[in-house]
Amino acid sequence: MLLYNIESIAKKLQIEYVDVTKHIEHKGVMGNSRENVLQKYLGQLLPHKFTVGNGIIMISNKGGI
């Protein structure tokens, strides 16, 4: 049952990705739009005690985060 739900969500996510980005040419704006879609879906899946945000993970030249 869980696998079916994940497959269903993945199909819906792919459709929404295409719909949201079909008129966007700039790669950064396209990525941001897709990130927003993914945030929405993850927010619906996760328990309410968790939130979904955005940001950048940077790795130092020494390999640390």
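Which residue does the side chain of Lys22 meet in a salt bridge? The partner of Lys22 is Asp19, with 3.2 Å from N to O; a salt bridge is a side-chain nitrogen of Lys or Arg within 4 Å of a carboxyl oxygen of Asp or Glu.

The model is predicted, and local features need pLDDT of at least 70, side-chain atom pairs count only at pLDDT 80 or more, and totals for chains, interfaces and linings use all residues. Residues are numbered from 1 along each chain as its sequence is written, and side-chain values use heavy atoms, with hydrogens and water left out.

The chain has two helices and zero strands; helices (H or I, at least four residues) and strands (E, at least two) are DSSP runs, numbered from the N terminus.

The whole structure holds two salt bridges.

Side chains of opposite charge can pair when their charged atoms come close.

Accessibility is classed as buried (under 20% relative accessible area), exposed (over 50%) or partly exposed (in between), with a 1.4 Å probe and protein chains only. Lys22 is exposed at 54%, whereas Asp19 is partly exposed at 47%. Lys40 is partly exposed at 40%. Buried residues make up 12% of the 65 residues in the chain.
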